[in-house]
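Please look over this model, its strands, helices and disulfides. A short report follows the display.

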Amino acid sequence: PEIMALSFLLMPLFLFTIIVSPNTFSSYASPVSYTDHCGSMVPIPNSTLNESKFKVFPHGQRQDGYYLGGGTVYPWGGGQKHVTLQIKNVFETDVAGILKVGARLEMRSATWYYRVHDGNFSDTNMWNYKKLPSFITFLLEGFLSESSGKLCMVGTETDDGMRQPLEVVLRLYNVVNSRNTISTLVTGSLESVSSEHEVSYFESLSLFIFPKMDYEYSLDTKEIRKDYADEGEVEAGLPVNPVRFCSKLFSMINGNYDLQYQRDCKSAKNCSPVEVDANQLPYIVSLKVLVCSNVKQRLKLLIGFGNIYFGSIGSFNPNSTLVGEGWWDEEKNQLCIVGCHFLGIGESMASVHVGDCSTRMSMRFPKIWSMNDASSIVGQIWSNKAVGDSGYFKRMILRSHQDKRDRIAGIKYEYSQLDKARKMCPRQEPLKNKGIRYPDVYSSDMRFGMGVEYYDKIVAWGSSITFGINDQIQKLYIDENFVPKSSHTQPFISANSSYVGLYNVSYQISFSLEPDAKLDINVSAEGIYDAESGSLCMVGCRNLGSSNLIPSTDSVDCEIIVKFQFQQPMEKNCGGYIKIKGSIESMRKDSDPLHFIPLNLSTVADYPIDPKHIIAKVDVEIIMILVSTTLECVFVGLQLYHMKKNSDMLPLMSFIMLLILTLGNMTSLVLNFHSLLAQNHAKINILLENQWLGLNEIGVRLIAMATFLLQLRLLKLTWSTRKGDRNKNGLWIAEKKVLYVIFPLYAAGFLIALLVFRNNALHDHFVHSSGLSKYLSWMKLKFYSDLVLDGFLLPQILLNIFWNSKGNALCFSFFFGISMVRLLPRACDDLFVALLLVLGYVIAEPQQQVAYYSRASDKITPLVVLMFAIIIYLQQRFGGRSILFLRNKGKEYEKVSVVTQV
């Protein structure tokens, strides 16, 4: 009873202690101690808060910004790193100037990770990474000091039941009630309160928050406007509707832009407002509008420099990012921007501030586009500092990376190569056949994909996109039901009736080597399209210099002629699609360093690619690979069984032949499974989505491994049988003779192929991509190795001749079966076409199907392989030299009993 009475007496005291405890100063009681983590920054008041006195948080209830750092929270970083601070409540306390704040902090990233300990502290790789959601929310509470502008809060991540919630402390600086101008910046950090060995620990995040409420523009002064009077001769751009100023600018300005520097710029020193890399210039600038005013036609934005295309300010970095203000100049129809740096970054987050507003930018929407200047948005970036001053950099050009012509009205196109094109492209007489119609100049058929043929192989893919028709810029997305009514879009007609049906056209042509590398081929072309004859003839220009240098007259090669011929449409049952053949040729002499060999082009994308057809083709190829690999394994196994029954024939097998087959089979184990399929890169994306591809890859590798082991067994048996018997030294001598013959033969073939390819590559200055060089080198090596494997029977034929052997050293299923296996891939395309016809599919141009090998080798190689198989059959029946029409004199191989275990 005494104990119970004492408990009742102590209960009120216990409850009172909980109520007034500094660590539970609100309805949401954070498990993180405020005093331990924030007591020295904003001391906690030793009194209860006054909930009746609600306060407004400086610059609004919602604050947006960016963060960086974090280390093990997201060790690979990247993506958008946004942070949002949503204020829930703000109350006064009995201490003047100290406010109680409750908030919600939201962190967003493309990829979040946290680390998990595996229990082995001695291992340097003791941390494993687990993926977190891309959206993390923290509930926080703390105190704000109005006098110092410091806010400190503690809290935990909202529990999603998936893992242990993260416990954090948030520290912010410069949270003050003052004018919101360009210099207003809230900085801070988000830190983990866990120790480093705990699962929930992560490295500190740095926060940059840009208040938006009641923003006051302050950089549009008369003094600053004077800096825009020295831009030189700049054509006025298109006007912007003031009523839709912000909506227009948001959709147009946000994004990435390519930078072009002066030719003497090699590093960031004196050439860039920021230094992303000491040895490399930033080639991309990204803009992100933060605040905008329709009434004042003003905006606040971030300007980020880098070398990787992201979204708008993809990965915020204060060292390479400027914050600026912009206003619209109605006289010049351009946007003027002043950029300011983030200073004090090397010290603490509390010392970071905005300053050094010496960077100037101008942006406009050109009303006249041409071959040399066809950007939706162009502009300049320069410094108002004098040459030699710290922070000075040379003027640079920016151009929009994305084609935004669909969002701009009133653009005209100005031609510069039409006269030259008319001289070089005489009009062809239209065909007299009735019913032939060629594409309308405004139809989508005028935009087509194409393949670049290089020695009967399609090595690159490209596209030709209509840029302008007469003086009108074409939209990216064509409405087939739209018929232009403007006089500008009609064919130009002169007194000479021969010009009826001719259109001035402009094209953008580009190529890329699928799937990874890029070809350095981008051509702008202007010329004439004859709607009556279906011919498209243009003069092309290519930039010889770097795309990141301001073009000059000597950096452009316009001695290029581009021709396309729209051929007669296919029959109705083939879909009625139009075939196009074309070429890109240099008009320069062969001795000119800028001359390049002609590039033959053929359309590939104008045929609609049905995914069912592609998947069917891939399935046929997979079945072919599985069948051929399985059959080869069976045939090698049958040869081993044949040797077991006829062990006396084992020494007569060519050791070199078995070595070639063994090494060739090894490539199936090394190569990626996709490289075994036909080299049609247009279907790569669908191929990768084939769900049972991975399973078949395992099957093929297992079968190839079994075949390799069986061939290795044959190789070992042949070696051991000959090595153990001195009477068979003659066979080794004959094998050496075989080597003396085939080695020079193989070496000469390889050198001839290498010289032919290299000689043509030296004249092909148009294609100078390292990616293409690697691809062509791999193509040459693979083509040559395939030829060697196709002729695997040649060493056996030579050994039979030199040794004059007679007998079934090779079983029929082995030499004839493997020969058929080598021919199976060459029949894959024909088999696929026949299969689709049987199934009722509509097939496009069969020649567009990219085969395994060139057309010449497809005809010659099968005949050679079959001839070799027939020769082996005749040699084993009538003697090794029977094919030389000599009597089978000399010694025949005396059958000797060989004891071996097969």
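Cys-633 is buried, because its relative accessible area is 17%. Cys-811 is buried as well, at 10%. Here buried means under 20% relative accessible area, exposed means over 50%, and partly exposed lies in between (1.4 Å probe, protein chains only).

This is a predicted model: local features need pLDDT of at least 70, side-chain atom pairs count only at pLDDT 80 or more, and totals for chains, interfaces and linings use all residues. Residues are numbered from 1 along each chain as its sequence is written, and side-chain values use heavy atoms, with hydrogens and water left out.

## The barrel

Eight strands close into a barrel. Their order is S12-S13-S14-S15-S16-S17-S19-S20, and the pairing is antiparallel. Neighbouring strands of this sheet are turned by 30° against each other on average, direction ignored. Helix H4 (residues 245-253) packs on the sheet. H4 touches strand S12 (255-260), strand S13 (284-293), S14, S15, strand S16 (334-343) and strand S17 (353-364). The direction of H4 makes about 165° with that of S13.

Some terms need their cut-offs. Helices (H or I, at least four residues) and strands (E, at least two) are DSSP runs, numbered from the N terminus. Two strands pair if DSSP finds at least two bridges between them. Contact means heavy atoms within 4.5 Å. Axes are lines fitted to C-alpha atoms, for helices over the stretch in contact, and angles run from 0 to 180 degrees between N-to-C directions.

## Strand pairs in the barrel

Strand S14 (residues 298-306) pairs with strand S15 (residues 321-329). The two are antiparallel and share seven bridges. Ile-303 has Leu-322 in S15 as its bridge partner.

S17 can be followed on both of its pairings. With S16 it forms eight bridges in the antiparallel sense. Phe-342 has Val-354 in S17 as its bridge partner. Six bridges join S17 to strand S19 (residues 378-383), again antiparallel. Met-361 stands opposite Ile-381 in S19. How enclosed is S17 by the rest of the structure? S17 is largely enclosed, because nine of its twelve residues are buried.

## Disulfides: the overall pattern

How many disulfides does a search of the whole structure find? The search finds six. A disulfide here is a pair of cysteine sulfur atoms within 2.5 Å. Counting bonded cysteines along the chain, the pattern is 1-2, 3-6, 4-5, 7-8, 9-10, 11-12.

Cys-38 is joined to Cys-152, S to S 1.9 Å. The link is left-handed, with -70° about the S-S bond. Cys-38 lies in helix H2 (residues 34-38) and Cys-152 in strand S8 (residues 150-157), so the pair ties together parts that are 114 residues apart in sequence. Cys-38 is buried, with a relative accessible area of 0%. Cys-152 is buried too, with a value of 0%.

Cys-340 and Cys-357 form another disulfide, with sulfur atoms 1.9 Å apart. It is right-handed, because the torsion about the S-S bond is about 110°. Cys-340 is in strand S16 and Cys-357 in strand S17, so the link ties parts 17 residues apart in sequence. Cys-340 is buried at 0% relative accessible area, whereas Cys-357 is partly exposed at 26%. In Cys-425 and Cys-537, the bonded sulfur atoms are 1.8 Å apart. That disulfide is left-handed, because its torsion is about -60°. Cys-425 sits in the loop between helix H5 (418-424) and strand S22 (448-453), and Cys-537 in strand S27 (residues 535-543), 112 residues apart. Cys-425 counts as buried at 13% relative accessibility, and Cys-537 counts as buried at 10%.

## Two helices

Helix H12 (residues 794-803) is mostly covered, with nine of its ten residues buried. Among them are Leu-794, Pro-795, Ile-797 and Trp-803. Just after H12, Asn-804 takes a positive phi of about 55°.

Thr-721 lies in helix H9 (residues 693-723). Is Thr-721 buried or exposed? Thr-721 counts as buried, because its relative accessibility is 8%. A polar atom of its side chain lies 2.6 Å from the backbone oxygen of Leu-717.

Notes:
Polar contact = N/O pair within 3.5 Å; in protein donor to acceptor, adjacent residues only side chain to side chain.
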